[in-house]
Amino acid sequence: MILETKRLILRPWCEDDAEELYKYARDPEVGPPAGWPPHTSVENSLEIIRTVLSATETYAVCLKENGKPIGSIGLHRNDLAEKDDEYELGYWIGKPFWGQGFIPEASREMLRYAFEELGMNRIWCGYYDGNEKSRRVQEKLGFVYHHTTEGLEVGQMNEIRTGHSNLMTKERYQKVELFREQKKLLDTFLETGAISCAQYEKSFGDLCDLMEMHGVE
Ligand SMILES: CC(C)(COP(=O)(O)OP(=O)(O)OC[C@H]1O[C@@H](n2cnc3c(N)ncnc32)[C@H](O)[C@@H]1OP(=O)(O)O)[C@@H](O)C(=O)NCCC(=O)NCCS
């Protein structure tokens with residue numbers, strides 16, 4: 001499966017990606033916050049492509065402009081998502097690309113794909129205590145806090161951490177998308193002169209009130 005967003009292509013990892021993968025996955029600020037150690041060599045990255053990133057529904061996040069992989073995103077079944085209609089969303093992106101909204105953009109497409117094409121009803125997403133960047137991504141996507149687990153064993157890091165788990169139901173996803181569409185529509189109306197600034201501000205204010213009522217950012 002190949003998925004597409006405005007700036008990104010999401011496609012399965014291939015062995016030729018090892019060098020690019022190593023470039024970003026060697027960074028100690030990338031893997032450890034997500035629970036895995038930095039890659040140690042291009043060969044190690046190749047091994048990870050063969051053993052981990054080859055899993056079903058795991059995608060290389062590639063820039064459309066040059067086709068190169070800059071991160072990874074995937075839907076997994078695990079302790080949190082154990083039922084047939086649930087998955088857990090996981091992601092990371094190379095440090096040079098942080099802060100440009102790439103993972104929220106890729107995640108929105110993954111959510112669409114999971115709910116609309118794979119027939120899922122619940123998508124979980126978690127982060128370890130202190131990972132504010134990931135917490136923020138989930139907040140922006142509209143995930144809702146579900147529970148906190150203390151004493152989680154992070155096997156690959158030989159550490160015990162606290163994990164926070166958030167949930168997106170299909171119903172909430174549809175609501176979040178509806179609000180997003182309405183906002184886009186208002187922006188287009190304003191840009192094309194179909195409504196005045198005053199009309200925009202009034203409608204935008206009403207929309208924000210509605211969104212706040214439903215806990216959507
Ligand atoms: C978490 C992560 C995937 C976010 O991806 P992203 O595409 O940068 O997401 P965003 O652009 O929406 O940025 C999210 C937040 O990160 C913070 N941030 C952005 N750029 C940053 C930078 N250069 N340095 C530190 N923090 C930064 C900001 O708080 C931002 O929130 P904002 O949009 O409200 O300002 C990325 O930081 C990452 O790969 N981290 C390491 C791996 C990881 O933690 N994975 C998730 C495991 S649960």
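**A guided tour of the predicted model**

The model is predicted, so local features need pLDDT of at least 70 and side-chain atom pairs count only at pLDDT 80 or more, while totals for chains, interfaces and linings use all residues. Residues are numbered from 1 along each chain as its sequence is written, and side-chain values use heavy atoms, without hydrogens and water.

Next, switch to a cartoon view, in which the protein shows 7 helices and 8 strands (DSSP runs of H or I over at least four residues, and of E over at least two). The C-alpha atoms fill a box of roughly 60 × 40 × 30 Å along the principal axes.

Colour the residues by accessibility: of the 217 residues, 42% count as buried (under 20% relative accessible area, 1.4 Å probe, protein chains only). Among contacts (heavy atoms within 4.5 Å) between residues at least 6 apart in sequence, 60% join residues at least 24 apart.

Now select the charged side chains. The protein has 26 positive ones (Lys and Arg) and 38 negative ones (Asp and Glu), and the centres of the two sets lie 4 Å apart.

Finally, select Arg 161, which is found in strand 8, residues 159-169. Is this residue buried or exposed? Arg 161 counts as buried because its relative accessibility is 15%. Leaving aside residues up to four places away in sequence, Arg 161 touches Pro 32, Pro 33, Gly 35, Tyr 128, Thr 149, Glu 150, Gly 151, Leu 152 and Val 154.

Definitions and conventions: Buried < 20%, exposed > 50% of the residue type's maximum accessible area, 1.4 Å probe, protein only. Charge placed at Lys NZ, Arg CZ, Asp CG, Glu CD.
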